[in-house]
Amino acid sequence: MLSLIKLPRVFTINQVPKVFHEDGIISGYRHPCSSATDCIISLFQLTNETVNIWTHFLPTWYFLWKLLTVILTRDVWHDSFTWPLVVFLVSCCIYPLASSCAHTFSTMSTRARHICFFFDYGALSLYSLGSAITYSAYVIPDNWVNSLFHQYYVPVAVANTIICTALACYSRLGFPFLQYNRNTIIRFPEYQFPKFAKFLRIVAFAYPYLFDNIPLFYRVFLCVGDGCTDNNANVLHHTHIALAFLTAFLYTTHLPERLAPGSFDYIGHSHQLFHVCGIISTHFQMEAVEQDMVTRRQWLLTHSSPVAFADTLGAAMLCVALSLGIIFLFSLPLISTEGCKYLIVYE
């Protein structure tokens with residue numbers, strides 16, 4: 001069947017607009033005005049985005065299977081103690097799916113590229129909130145349970161989610177309507193100050209992760225003696241943390257393609273490795289959280305405040321609504337009825 005389909009041509013970095021350029025990636029770019037059909041066909045064609053797409057699309061189904069397993073094997077409708085895990089697993093399904101869709105359809109136009117990654121950023125922020133909700137319910141060390149930090153931990157994580165979604169979106173084009181609209185894109189800060197834009201994006205992703213992990217870092221690295229929650233899940237937590245920092249390292253350094261531009265255009269560049277390490281890290285995080293939930297259930301039910309709707313499903317739904325509002329606000333100036341127009345210069 002695929003042999004009967006004409007595969008879209010791929011291009012070099014000099015043939016596509018700067019907004020599509022990736023550091024150290026010289027070839028394998030898709031047409032910057034691809035149709036939706038071309039984008040889908042490119043899933044089965046080797047481009048510099050193909051592995052990016054599949055390394056997040058396939059794990060989506062794995063996390064969906066885990067979510068359905070929890071729903072079908074646990075009494076989630078009546079057992080509120082399982083709600084944080086459900087929220088976390090839903091976020092684990094959403095963020096790789098949003099990422100794979102963003103990488104698939106981002107070459108339909110420059111406007112579409114921005115909008116696609118706005119959704120990607122919102123999904124990552126939701127995943128951060130899902131992590132915080134499970135950490136509050138299952139992971140927080142014994143001697144922090146019901147502390148002042150514990151009481152305000154999820155509300156602060158909710159605020160972080162909204163702020164960081166907005167900051168990540170801002171890092172692409174600046175303020176909607178003020179710095180760009182459907183006719184004029186000044187493109188601050190990404191175009192004029194790409195390093196500053198990348199810095200803002202790293203802050204938008206790193207800050208909520210570091211805040212969410214305060215109780216975990218204290219538990220596994222600093223706490224000694226009674227009340228430190230030393231159990232078998234700690235090994236899994238260590239693995240998750242190591243992989244998370246490796247993921248951040250790959251995202252920020254653009255290695256190995258930075259050392260040999262053009263050598264890793266299709267397979268082996270940092271964004272692919274970043275995807276793989278991120279998914280594996282999430283897997284170990286999920287295993288650790290589940291083990292903490294089972295191991296500590298009775299103690300937490302006795303000593304911790306009951307799991308409430310407002311701090312779990314309610315917080316997640318609030319963040320989804322507000323994040324979608326932010327994404328809509330940043331996307332509105334980019335919505336246009338005009339078709340994509342760009343002339344490819346053939347070499």
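The structure is a predicted model, in which local features need pLDDT of at least 70 and side-chain atom pairs count only at pLDDT 80 or more, whereas totals for chains, interfaces and linings use all residues. Residues are numbered from 1 along each chain as its sequence is written, and side-chain values use heavy atoms, with hydrogens and water left out.

The unreviewed UniProt entry places the feature "transmembrane region" at several spans, including residues 81–98 and 152–175; such positions are given in the numbering used here, with shortened feature names, and the annotations may be inferred rather than shown by experiment. Residues 81–98 are 89% helix and 0% strand, with end C-alpha atoms 28 Å apart, while residues 152–175 are 92% helix and 0% strand, with end C-alpha atoms 30 Å apart. Helices (H or I, at least four residues) and strands (E, at least two) are DSSP runs, numbered from the N terminus.

The unreviewed UniProt entry also places the feature "binding site" at His-103, His-271 and His-275. Although these residues are spread over 173 residues of sequence, they cluster in space, the largest C-alpha distance being 11.7 Å. His-103 belongs to helix 3 (residues 83–105) and counts as buried because its relative accessible area is 4%, where buried means under 20%, exposed over 50% and partly exposed in between (1.4 Å probe, protein chains only).

The structure holds 23 aromatic pairs, for which the ring centres of Phe, Tyr and Trp (its six-membered ring) must lie within 6.5 Å; planes under 30 degrees apart count as stacked, over 60 as edge-to-face and the rest as tilted. Tyr-251 and Phe-274 form a tilted pair, at 5.2 Å centre to centre and 40 degrees between the planes. This pair links distant parts of the chain, since Tyr-251 lies in helix 8 (residues 233–253) and Phe-274, 23 residues apart from it, in helix 9 (residues 270–303). Both Tyr-251 and Phe-274 are buried. Lys-198 lies over the face of Tyr-251, at 4.6 Å from the ring centre, the criterion being NZ of Lys or CZ of Arg within 6 Å of the ring centre and within 35 degrees of the ring normal. Elsewhere, Trp-144, Phe-149, Tyr-153, Phe-211 and Tyr-218 form one aromatic cluster.

Tyr-152 is located in helix 5 and counts as exposed because its relative accessibility is 51%.
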